[in-house]
Amino acid sequence: MEKILFNSKNIFIAKENSRIEEVAKRNKIVLPSNHTTLFQAVLSPIDKPNNNGHELTKEAVEESLPSFIGSQVNINHSSDKANRWMVGQILDAWVNKDNEIETIFSFARNIYSEEYTMALEAMAEGKLTVSWELSSESAKIEKLNNGVLRLHAIEWGGMAVLIGKKPGYKAARVTEMASL
């Protein structure tokens, strides 16, 4: 089966919360940390197209979301294999009350300190975004009359932290960061 790769982007806004603390405790991550920080982001709407024209169905998300946890986080979807680093990992993912996917992920700030600094600067300017990486079998993709691609089954590949990119989902509004 042919698989098609999709990407979606969202905005970060810094703030602390207890969900991050809960995820850190569950994963035995001590915060604050000199080596790891945790971020929270709204990633994607469900049953509604994002600005890239991709719509994830509720059924596809419910079935696949547990497999998103543990997947990689990279910088900018780099296609250059020599510069495509795994800077973190998805630690938690859920559907919020507004029918959106939210996630908490780690970032190895001690190893990728330059990229981490760039990410914090972009966050301060409201220009730090995230983008999902997933694939779907072509037989599970429905093309709607308005050009939207509705994905009825998905396989998560991870997520990218995008610095200075425009969001694909305008309603992204909640992004938080663990205490430093």
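The model is predicted: local features need pLDDT of at least 70, side-chain atom pairs count only at pLDDT 80 or more, and totals for chains, interfaces and linings use all residues. Residues are numbered from 1 along each chain as its sequence is written, and side-chain values use heavy atoms, with hydrogens and water left out. Helices (H or I, at least four residues) and strands (E, at least two) are DSSP runs, numbered from the N terminus.

**Confidence**

- pLDDT is the predictor's confidence in each residue, from 0 to 100.
- The chain has a mean pLDDT of 84, and 80% of its residues reach 70 or more.
- Over residues 8-15, pLDDT stays under 50. The model has 48 contacts for this stretch beyond four places in sequence. Contact means heavy atoms within 4.5 Å.

**Helix H2 (58-68)**

- Ala60, Val61, Ser64, Leu65 and Phe68 are buried in H2. Buried means under 20% relative accessible area, exposed over 50%, and partly exposed in between (1.4 Å probe, protein chains only).
- Seen down the axis of H2, these buried residues fall within an arc of 130 degrees, so they line one face. The arc is that of the directions from the helix axis to the C-beta atoms.
- An α-helix has 3.6 residues a turn, so residues three or four places apart point the same way.
- Glu59, Glu62, Glu63 and Pro66 are exposed, on the face of H2 turned away from its buried side.
- The buried residues of H2 pack against E2, strand E3 (54-56), E5, E6, strand E9 (149-151) and E10.

**Helix H3 (113-124)**

- H3 has twelve residues and should span 16 Å at 1.5 Å a residue; its end C-alpha atoms are 16 Å apart, which agrees. The expected span is 1.5 Å times one less than the number of residues.
- Glu115, Tyr116, Ala119, Ala122 and Met123 are the buried residues of H3.
- Those buried residues fall within an arc of 125 degrees seen down the axis of H3, so they line one face of the helix.
- The face turned away from the buried side of H3 carries exposed Glu114 and Ala124.
- Glycine 126 follows H3, with a positive phi near 70 degrees.

- In E10 (155-163), seven of the nine residues are buried.
- E10 pairs with E4 in the parallel sense over three bridges. Two strands pair if DSSP finds at least two bridges between them. Asparagine 74 stands opposite alanine 160 in E10.
- E10 also pairs with E7, in the antiparallel sense over eight bridges. Here serine 135 stands opposite glutamate 155.
- Valine 95 lies in strand E5 (residues 86-95). Valine 95 counts as partly exposed because its relative accessibility is 35%.
- Beyond its neighbours within four places in sequence, valine 95 is in contact with Ile46, Val61, Leu65 and Glu100.

**Cores**

- The largest nonpolar core has 34 residues, of which Leu56, Phe105 and Trp156 touch the most other members. Such a core is a set of buried Ala, Val, Leu, Ile, Met, Phe, Trp, Tyr and Cys residues joined through side-chain atoms within 4.5 Å.
- Elements giving two or more residues to this core include H2, H3, E5 and E10.
- A second, separate core of eight residues includes Ile20, Val23, Trp94 and Ile104.
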